[in-house]
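Dear colleague,

Please find below the structure I promised to hand over, together with its sequence.

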Amino acid sequence: MIILGDRHQFSEMEMQYLQQKFSSINHISYKDTDSKPTIKKIENIVINCNKSIILLNTKAQIPNELLSYLVKLEIQGTKYLTTESFLEQWFHKCYIPEDQSNISFLEKIKPYATLQYIQKRFI
C-alpha cells in the first residue's frame, strides 16, 4: 500500500490496523518535490509488490507528469482510493475535511437503520 500525500494524518490505532491488513505501508510526501523522484519511489515500491493500492491522500494538485504515470499504473492493475472512500471502506468513518473546501460529504450522511441502531446501543 502506498499513501501518497499528507492530507489525513493516521492515528496510532489506525496505523496498527493497517499494518495488520497490508504487508507493507509506504508513505510518500510529494508536496515540495519534483515529480521525477516521486515516480521513482512509486516504481520501486510497485516492482516489489504484486498487488498495490495507492491512497490519494492529498489536497495539492498532482503534476501532469505524475498524473500520467498514475494512469499507466491503473491500466496495469493498480487500484486507487481517495481519502474519503478509503476511510469509509476500511475504517467505516466519514471523513470531514478540516479546511471545509468540499462539503459534499453532508449528502452522504444517513441516519442509522433500526437494526444498526440496536447493534450500536448493544455494543
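Phe10 is a buried residue, with a relative accessible area of 15%, where buried stands for under 20% relative accessible area, exposed for over 50% and partly exposed for anything in between, using a 1.4 Å probe and protein chains only. Please keep in mind that this is a predicted model, in which local features need pLDDT of at least 70 and side-chain atom pairs count only at pLDDT 80 or more, while totals for chains, interfaces and linings use all residues. Residues are numbered from 1 along each chain as its sequence is written, and side-chain values use heavy atoms, with hydrogens and water left out.

The aromatic residues

There are six aromatic pairs in the structure; rings of Phe, Tyr and Trp (its six-membered ring) pair if their centres lie within 6.5 Å, and planes under 30 degrees apart count as stacked, over 60 as edge-to-face and the rest as tilted. One of these pairs is Phe10 with Phe86, which is edge-to-face because the ring centres are 6.2 Å apart and the planes stand at 85°. This pair links distant parts of the chain, since Phe10 lies in the loop between β1 (2-4) and α1 (12-21) and Phe86 in helix α4 (residues 83-91), 76 residues apart. Helices (H or I, at least four residues) and strands (E, at least two) are DSSP runs, numbered from the N terminus.

Phe86 is buried as well, with a relative accessible area of 0%. Phe86 also pairs edge-to-face with Phe91, at 6.0 Å centre to centre and 75° between the planes, and Phe91 is likewise buried. Together, Phe10, Tyr17, Phe22, Phe86, Trp90 and Phe91 make up one aromatic cluster. Lys93 sits over the face of Phe91, 5.8 Å from the ring centre; the criterion is that NZ of Lys or CZ of Arg is within 6 Å of the ring centre and within 35 degrees of the ring normal.

The sheet and its helices

Four strands form an open sheet in the order β2-β1-β3-β4, with parallel pairing, two strands being paired if DSSP finds at least two bridges between them. At the edges are β2 (26-28) and β4, each of which pairs on one side only. On average, and with direction ignored, neighbouring strands of this sheet are turned by 20° against each other; axes are lines fitted to C-alpha atoms, for helices over the stretch in contact, and angles run from 0 to 180 degrees between N-to-C directions.

Strand β3 (residues 53-56) and β4 run parallel and are joined by four bridges, and Leu55 stands opposite Leu81 in β4. Helix α3 lies across β1, β3 and β4 and runs at about 125° to β4, whereas α4 packs on the sheet by touching β3 and β4, its direction making about 95° with that of β4.

Two further residues

Thr78, in the loop between α3 (64-75) and β4 (79-82), counts as buried at 8% relative accessibility. Not counting residues up to four places away in sequence, Thr78 touches Ser52, Ile54 and Leu73, contact meaning heavy atoms within 4.5 Å.

Glu84 belongs to helix α4 and is partly exposed, at 23% relative accessibility. Leaving aside neighbours within four places in sequence, Glu84 is in contact with Arg7 and Tyr95. The side chains of Glu84 and Arg7 are joined by a polar contact of 3.0 Å, that is, a pair of N or O atoms within 3.5 Å, of which, within protein, one must be able to donate a hydrogen and the other to accept it, and residues adjacent in sequence count only if both atoms are side-chain atoms.

With kind regards
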